[in-house]
Amino acid sequence: MASSLSPFFLFLITCSATLITPANSLPTFFPGATYQSLIKQAKTPKPKLPFKVHYFPQTLDHFTFQPKSSKIFYQKYLINSHYWHKGAPIFVYTGNEGDIEWFAANTGFMLDIAPKFKALLVFIEHRFYGESTPFGKESYKSAKTLGYLNSQQALADFAVLIRNLKQNLSSEASPVVVFGGSYGGMLAAWFRLKYPHIAIGALASSAPILQFDKIIPWSSFYDAVSQDFKDVSWNCYEVIKGSWEELEAMSTQKEALAELSKAFRTCKSLHSTASARDWLWTAFVYTAMVNYPTEANFLKPLPAYPVQEMCKIIDKFPSGATKLSRSFAAASLYYNYSRAENCFEIEHEVDTHGLHGWDWQTCTEMVMPMTCSKESMFPPSGFDYEEFAEQCQMKYEVLPRPHWITTEFGGERIQKVLKRFGSNIIFSNGMQDPWSRGGVLKNISASIIALVTKKGAHHVDFRSATKDDPDWLVEQRRQEVEIIQKWLNEYYADLRHA
């Protein structure tokens, strides 16, 4: 689940029982693929951001008193203090599965509203991602090191860092509001629940906190991806749905890999037909997630409403063209909208965002079972927990804990838990985003608000405002600002009467 990834950002999901890999996070599985191969931001230099980089000496283990617990690692965080003064609010982004600059670059909303609130902006990198690796290059070596990577340790990191920062700024009365998108949005909501004495409120965008156990149907995600394409063009949906069978038939031919390599314009010969399948699959899923109303460059450079543009490509093909060739042409929009690529590195993309740890999280606590129904444009398939657990055992020598997140943060009764114990949380979701099906879509109480837009995509509200933003997006952000202002007014009023 980022401005993330994502959740994203951030996650990437698989319809089968193969190993889970994220997208913002982000995040998700993909059949037979790893997240590293899916989200390359090719050859693009990191943008210059209006933040100063800092490193905080963070405790390795907040919950035990073993000899290694007090080991220190340096956690990266970014600060913008341009508009801030002592006593003014502190807005904190709870980092998710990737390097923190990536999320800062795609969360312009916080920079946009900082002048109004005179807010200090802080983006905290999640442990084991980006540069915040407790054991350096050895961090991903085995379960002995990766065992310190989980959401509870990350939340404690945020709490310790925020308290220390406020003390160092001599501004302990400054109210803190946490922000997060995708997995980071889940963390923001959970942080407000677990540490209400530190944060007065949370804005959780595209946060699929209901994606666990059997709270929602397991087919929800892929049904939603398919619906995005179906809403644009039934023919587009049917072409993509039929392309998998053509790909399967092609894979049985004598020179299948050579033919696929030629058809998919690969830079190097393919070693597996599954790579071509995953390449197509990734393009359609991520395009549905980031179906933004304006041009964007979060996962890849894409036009406004890219699902519509993909379907235009498919629908314009002559009737005699194969479904596979039409699907390839549509998927090429995702990978080559900028037209900078002469060929495609289908099996050789690299992780440029420091996402190595997500496989571990999905093999331990972030177990989000997903299936593909007959209504999906992807091949029907189920989720086999035993097979999934066996793969995790083989890779990491650990078994998943599929019920841990719902035990720690609340399961089927999470909405009642939020109503009884929570307050001051905004859950924002756009129904174009397949992750929205795992989000909170109705108000839970007067102070736990669901802001839902029909045309919104993955944490689109966190993106920088532009002159081309549609009215519904402008209104969504206006409501968010109004609610945050209300929280702050109440906080300062209580402070004056204390």
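**A phenylalanine and its surroundings**

Let us begin with F179, whose contacts (heavy atoms within 4.5 Å), leaving aside neighbours within four places in sequence, are F91, V92, Y93, T94, F109, M110, I113, A188, L203, F462 and I484. Residues are numbered from 1 along each chain as its sequence is written, and side-chain values use heavy atoms, with hydrogens and water left out.

F179 belongs to the largest nonpolar core, which has 143 residues. By nonpolar core I mean a set of buried Ala, Val, Leu, Ile, Met, Phe, Trp, Tyr and Cys residues joined through side-chain atoms within 4.5 Å. Buried stands for under 20% relative accessible area, exposed for over 50%, and partly exposed for what lies in between, with a 1.4 Å probe and protein chains only. Which residues touch the most other members of this core? They are F179, F229 and F284. Helix α9, residues 273-289, gives the most to this core, with 10 residues.

Helices (H or I, at least four residues) and strands (E, at least two) are DSSP runs, numbered from the N terminus. The protein chain has 16 helices and 10 strands. Of its 498 residues, 60% are buried. The chain exposes about 20,300 Å², and carbon and sulfur atoms supply 53% of that area. Accessible areas come from the Shrake-Rupley method with a 1.4 Å probe; for residues, only the protein chains shown count as cover.

**On the surface**

Please turn now to V53, Y55, I72 and Y74, which make a nonpolar surface patch of about 390 Å². Patches are made of residues with over 30% relative accessible area and no salt bridge; like charges are joined within 9 Å, and nonpolar side chains (Val, Leu, Ile, Met, Phe, Trp, Tyr) within 5 Å. Strands β1 (52-59) and β2 (72-80) each supply at least two residues of the patch. V53 is found in strand β1, and its relative accessible area of 42% makes it partly exposed.

**Charged pairs**

How many salt bridges are there? The count comes to 13, where a salt bridge is a side-chain nitrogen of Lys or Arg within 4 Å of a carboxyl oxygen of Asp or Glu.

One of them joins the side chains of E101 and K76, at 2.4 Å from N to O. K76, E101 and E131 are linked in a network of salt bridges.

A further salt bridge is formed by the side chains of D359 and K395, at 2.8 Å from N to O. D359 lies in helix α12 (residues 358-364) and K395 in helix α13 (residues 385-396), so the pair ties together parts that are 36 residues apart in sequence. D359 is buried, at 3% relative accessibility, whereas K395 is partly exposed, at 41%.

D468 also forms a salt bridge, with K467, the closest N and O atoms being 3.4 Å apart. K467 counts as exposed because its relative accessibility is 77%.

**A loop residue**

T294 is found in the loop between α9 and β7 (296-297), and it is buried, at 14% relative accessibility. Beyond four places in sequence, T294 is in contact with P303, A304, T466, D468 and D469. T294 and D469 are 175 residues apart in sequence and 6.8 Å apart in space, C-alpha to C-alpha.

**Confidence**

Finally, a word on pLDDT, the predictor's confidence in each residue, from 0 to 100. The protein chain averages a pLDDT of 89, and 89% of the residues score at least 70. Over residues 1-14 the pLDDT is below 50, although this stretch has 186 contacts in the model beyond near neighbours in sequence. Residues 16-43 also stay under 50, and the model has 197 contacts for them beyond four places in sequence. Where pLDDT is low, the predicted coordinates should not be read in detail.

Technical notes:
This is a predicted model: local features need pLDDT of at least 70, side-chain atom pairs count only at pLDDT 80 or more; totals for chains, interfaces and linings use all residues.
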